[in-house]
Amino acid sequence: MQRLQDDTPQILRDFLSYHETIQGHSPKTVDEYYLDLRTFFRFLKLEKSLVPRQTPFDEIDISDVTLDLIASVTLTDVYSFMNYLSRDRALGAAGRARKISTIRSFYKYLTNKAKRLDHNPMQDLDSPRQRKSLPRYLSLEQSLALLEHVDGTNKERDYCILTLFLNCGIRISELAGLNLKDIQGDQLRVLGKGNKERIVFLNAACLTAIHDWLAVRDTTAASDPNALFLSRTRKRMTTDGIHYMVKQRLKKAGLDSTQFSSHKLRHTAATLMLQNGVDVRTLQEVLGHEHLNTTQIYTHVDNENLRTAAQANPLGNVKRKK
């Protein structure tokens, strides 16, 4: 929790410590919780006239935030906070929803875990309505074109990375964190969100791609010889480095790199698996989704199945009598 400052009240420190040590959330996630709640507390102090109105928002001290203040917060206060984020900070629905989630988590902790509150005033807190969009993905033909155009420098490494994305549907952060020891026969140990481990099975294409990459992988003077994927400077490949590589390979294959990315390759893997008989609960396990409803968005992208369903309707051939 490197972002914590001296003005962080103990009650907030305890909450963040709980999520990092007990819940096992990553430092980045805990930092986001901290920043969300610091913004919320600053808004509360300003809204409730606990600081002079002219005080610059980013200079509001939250060290004196007490349990009494926290317990006095109402749903109306939170909705005013959402209005402030939308109006004054131009924060979209997704960003506001994340802050709602943080606030809800904070009050749930105070009520159920820390036992500091007898009643959770945020129990009925609603999240902003978000516009749902279908995930963008490559077709099978585009996926094949992407793989077929991998050549030149680092071709074995890049081909292996793209193959894992397209066949396993792993996240870019998961791929960057892979070590040699994570490959165990036809299984790949993946460390996902919240430090949760899962096993992804490797098909023949993945095993061949890994074999070809390891045959040319040079660990001379490598700063992290355990890393599965190394950059040209012999360092572990970063998410930024992988992202850049994917964009360049997309361009090489004649695909629109502004429309596709490494995350879209994850969508592609999910869609192709679903289109070829994998059930949604199995797909949930493969992708490492905590909730099934996160996976179910892929059930809406199989146009061929939707077309078949429309044709199967017995009323599909009824014509209006003239």
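Which residue forms a salt bridge with Arg236? Keep that in mind as you go through these close-ups of a predicted model.

**View 1. Arg236 pairs up with Asp224.** The closest N and O atoms of this salt bridge are 2.9 Å apart. Arg236 and Asp224 both lie in the loop between α9 (204–216) and α10 (239–252), so the pair ties together parts that are 12 residues apart in sequence. Arg236 is partly exposed, at 24% relative accessible area, and Asp224 is partly exposed too, at 22%.

**View 2. Glu174 and Arg198 join a helix to a strand.** Their side chains meet in a salt bridge at 2.8 Å, N to O. Glu174 sits in helix α8 and Arg198 in strand β3, so this pair links parts 24 residues apart in sequence.

**View 3. Glu32 meets Arg98.** Here the salt bridge spans 4.0 Å, N to O. Glu32 belongs to helix α2 and Arg98 to helix α5, so the pair ties together parts 66 residues apart in sequence. Asp36 and Lys99 join Glu32 and Arg98 in a network of salt bridges.

**View 4. Phe41 and Ile103 sit in the largest nonpolar core.** Of its 36 residues, these two touch the most other members. Helix α2 gives this core its largest share, 9 residues. Leaving out residues up to four places away in sequence, Ile103 touches Leu37, Phe40, Val78, Phe81, Met122 and Leu125. Apart from this core lies another, of 34 residues, including Val150 and Phe260.

How values were computed. Residues numbered from 1 in each chain as written. Predicted model: local features only at pLDDT ≥ 70, side-chain atom pairs only at ≥ 80, totals over all residues. Heavy atoms only, no water. Core = buried A, V, L, I, M, F, W, Y, C linked by side-chain atoms within 4.5 Å. Buried < 20%, exposed > 50% of the residue type's maximum accessible area, 1.4 Å probe, protein only. Helix = DSSP H or I, 4+ residues; strand = E, 2+ residues; numbered from the N terminus. Contact = heavy atoms within 4.5 Å.
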